[in-house]
Amino acid sequence: MPGGHGMGPAEALTVQAVLTQISYLAAAALFVFSLKWLSSPATARRGVIAGETGMILAIIGTLLMPEIEAFHWILLTFFIGAAIGIPIAVLMPMTAVPQRTALSHSFGGLAVGLVGTAKYYLWIAEEPHRLTHFVMGVLAFETILGYLTFTGSLMAFGKLQGWLPSRPILYRGQNVVNFVLLGIAIAAGIYLNFHPTEALLFPVLIVLSLAFGTLLIIPIGGADMPTVISLLNSYAGLSASAMGFVLDNKLLIIAGALDGSSGFILSVIMCRAMNRSFTNVLFGAFGAVSEKQIGAKEERTVRSAQPDEAASILAAAQSVVIVPGYGMAVAQAQHKVRELYDQLTRRGVEVTFGIHPVAGRMPGHMNVLLAEADIPYDRLKEMEDVNSELPHTDVALVIGANDVTNPAARTDKSSPIYGMPIIDVDRARTVMVIKRSMSAGFAGIDNELYYMDKTLMLFGDAKAFVGDMVKAISSEGH
Amino acid sequence: MDNLVASFYVFILATFLGFEVIRRVSPLLHTPLMSLTNAISAISLVGSIVLLGEQRTTLTTVLGAVAVTASMINVVSGFLITDRMLRMFKQRPADRKGKQS
C-alpha cells in the first residue's frame with residue numbers, strides 16, 4: 001500500500017519526513033547562494049557547484065519519501081535524461097547556445113504541463129476532495145503556462161536553429177485569434193475551477209494552450225529573440241512555481257520564483273535596450289511593419305576598402321573598439337576576431353569590445369562567444385562604458401551589427417528605432433563596418449552610418465575578411 | 001488554508017530575493033545566468049519523481065516518466081553547460097597586461 005499515513009512505525013516515517021524537509025531547506029538556500037555567486041566571474045563557478053549540490057540534495061530528499069516505490073523506473077529515466085543531457089552540454093557549439101536554451105525552456109514547460117495533467121486525472125479519479133477551488137485554479141494556471149511555454153519555446157528553438165523562417169510570419173487578425181484562443185483556455189480553466197469534474201474540458205484547455213504558445217511566437221522576428229527567450233525563461237520559472245502551489249512544495253515555489261524573477265529582469269533589460277515595451281515586442285511584429293521602407297531610398301555612394309588597407313589603418317591606430325553583432329555569430333568569426341585582437345594588442349594597440357545588450361540572439365550571447373575565443377573578459381565593455389570612450393577612439397570596427405549602431409536612433413525622430421540606446425560608433429575618428437552587402441538591417445531601415453565620410457565599408461564574409469586583415473597585419477610586421 | 005497563505009508569503013519573498021540577487025549579475029554573465037536558472041527551475045524534477053515513483057495509474061506513470069526525463073535533461077545539460085561557459089571566461093594573463101602598460 002503506497003502512501004498510507006498510518007503505515008509502519010510512526011517514528012521512522014517522521015524521521016524520513018524531517019530529513020526530506022531539511023534537504024529541501026538546504027537546497028533552497030543553496031539555490032539562492034548559487035545565483036548570488038554567479039554575480040561575478042570570480043565566484044561564478046562556485047555558484048554552479050552550489051546549484052548542483054542543491055539539486056542533488058533535493059533529489060535525495062525526494063527519494064527518501066515513503067510513497068516512492070518504482071526506483072527502477074526512476075533510475076531508468078534518470079539514465080535516459082543524462083544520456084541525452086550530457087552530449088547536449090558537452091558537444092553543443094557555443095554559437096548554438098540560444099537554441100539549447102530555448103529547447104530547455106520547452107522541456108521545462110513540458111514537464112510542468114505533464115505533471116499538471118497527471119495530477120488532474122489522478123485526483124479527479126481517486127481524490128476529488130483535493131481539487132478545491134484554489135488547487136484547481138492553480139492547476140489550470142500551471143497547465144496552461146507549462147504547455148504554452150512548451151510550444152512557444154519549441155517555435156523559438158525552430159527559428160533560432162533555422163528550421164523555421166526567422167522573419168515574422170504574419171496574417172490578418174493575428175492578435176485577435178491569439179487572444180481568443182487564450183481567452184477560451186482561461187475561461188475553460190475558470191469553469192473547471194467551479195466544476196472540476198467536467199473532465200472533458202481539460203483536454204480543450206491543453207490543446208488551446210499548445211496552440212496559443214505556437215501562435216504567440218510565430219510572428220516574432222529573430223532580432224527580438226533576446227526578449228522572447230528571457231520572457232519564456234520567466235514563464236518556465238513561474239510554471240514551476242505554480243506546480244509548487246499545486247503540490248504544496250515550498251522548494252518548487254522558491255526555485256521557480258527565482259527563475260521567474262531572473263527571466264523577468266532580463267526581459268526588462270532587453271526591452272529597455274531596444275526602447276520598446278513588452279506588448280510591442282510580443283504583438284508589434286517590428287520587422288515586418290517597417291519593411292515597407294526598403295527601396296524608398298535614393299542611391300548614395302559609400303567608401304569601401306580592401307582588407308590590406310583596413311588592416312594598415314587598424315595597425316596604425318592607438319585605440320580600437322570592436323562592436324560585434326549577430327553577424328559575427330552567423331559567420332563563426334569569433335576565433336578570427338581573437339587573432340585580430342592578438343595581432344593588434346601585440347603592436348600596442350588598445351583593443352576593447354563594445355557589447356550592446358541585445359547584440360545576438362539572447363542576453364549575453366556575444367560575451368560567451370568572445371570568451372569562447374579566449375578574449376579576456378575585462379576587454380568586454382558594456383554599452384555605457386564604451387560610449388564614453390568612443391569619442392577618443394581612433395577606430396570603431398563593427399562586425400555583423402547594424403541597427404544597434406544606427407545614429408538615426410539618436411537623431412531621426414521619424415525612425416522606427418528612434419530612442420533606442422545605441423553604441424555611438426559614429427563618434428569614433430574612423431568607422432569600419434564589415435558587412436556582406438548594403439542590405440538593410442533587421443528593422444529594415446537604412447543606416448546613416450554607412451554614408452558618413454569617416455566610414456569605410458568592408459564588404460565580405462566577416463570570418464574571411466577578418467582573416468585577411470590578420471594576414472595583412474602579420475606579414476607587415478615581418 | 002494556512003498552508004496556502006504561507007505559500008504566497010514564500011513566493012513573494014523568493015521573488016523579491018531573486019530580484020535583489022539577480023540585479024547584481026553582470027551583463028557579461030547573462031547567458032550563463034539564464035542556463036543556471038534554467039537548470040535550477042528544473043527542480044520540477046522533484047514533482048515528477050513523486051508522480052513516477054508512486055505508480056498510481058498507468059497514465060500518471062507514463063506522464064511522470066516523460067516529465068522526469070525532460071527535467072533530468074535540463075538538470076544535467078543546464079549545470080554542465082553553465083560550467084563549460086564559465087570556464088571560458090578568463091582574465092587577461094599577467095604577462096600581456098605588463099607589456100601593455
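This is a predicted model: local features need pLDDT of at least 70, side-chain atom pairs count only at pLDDT 80 or more; totals for chains, interfaces and linings use all residues.
Residues are numbered from 1 along each chain as its sequence is written, chains are lettered from A and ligands numbered from 1 in the order in which they are written, and side-chain values use heavy atoms, with hydrogens and water left out.

Let's begin with chain A. It has 18 helices and six strands; helices here are DSSP runs of H or I with at least four residues, strands are runs of E with at least two, and both are numbered from the N terminus. Along the principal axes, the C-alpha atoms of chain A fill a box of roughly 85 × 50 × 35 Å. Of the 478 residues in chain A, 57% are buried. Buried means under 20% relative accessible area, exposed means over 50%, and partly exposed is in between, with a 1.4 Å probe and protein chains only. Contact, for us, means heavy atoms within 4.5 Å. Among the contacts in chain A with a separation of 6 or more, 78% are between residues 24 or more positions apart.

Now for the inside. The largest nonpolar core has 185 residues, where a core is a set of buried Ala, Val, Leu, Ile, Met, Phe, Trp, Tyr and Cys residues joined through side-chain atoms within 4.5 Å. The residues with the most contacts inside this core are Val337(A), Leu340(A), Phe353(A), Leu397(A) and Met469(A). Helix H5 of chain A, residues 133-161, supplies the largest share of the core, 14 residues. If you click on Leu340(A), you'll find that it touches Leu314(A), Ile322(A), Leu397(A), Val466(A), Met469(A), Val470(A) and Ile473(A), leaving aside residues up to four places away in sequence.

What about polar links? There are 23 residue pairs in polar contact between chain A and chain B, both at pLDDT 80 or more. A polar contact is a pair of N or O atoms within 3.5 Å; within protein, one must be able to donate a hydrogen and the other to accept it, and residues adjacent in sequence count only if both atoms are side-chain atoms.

Salt bridges next: a side-chain nitrogen of Lys or Arg within 4 Å of a carboxyl oxygen of Asp or Glu. The whole structure has 22 of them over all chains, and four are between chain A and chain B. One is Glu127(A) with Arg56(B), at 2.7 Å, N to O. Salt bridges with shared partners join Glu126(A), Glu127(A), Arg130(A), Glu54(B) and Arg56(B) into one network.

Another pair is Lys90(B) with Asp374(A), whose closest N and O atoms are 2.6 Å apart. This pair crosses between chains, from the loop between H4 and helix H5 (94-100) of chain B to the loop between H15 and S3 of chain A. Lys90(B) counts as partly exposed because its relative accessibility is 41%, and Asp374(A) is partly exposed too, at 35%. Asp374(A) also has a positive phi, near 70°, in a residue other than glycine.

Let me finish inside chain A. Buried or exposed: which describes Asp224(A) and Arg276(A)? Both are buried, and their side chains meet in a salt bridge at 2.7 Å, N to O. Asp394(A) and Arg429(A) form a salt bridge as well, at 2.7 Å, N to O. Those two lie in separate loops, so the pair ties together parts that are 35 residues apart in sequence. Asp394(A) is buried, at 17% relative accessibility, whereas Arg429(A) is partly exposed, at 46%.
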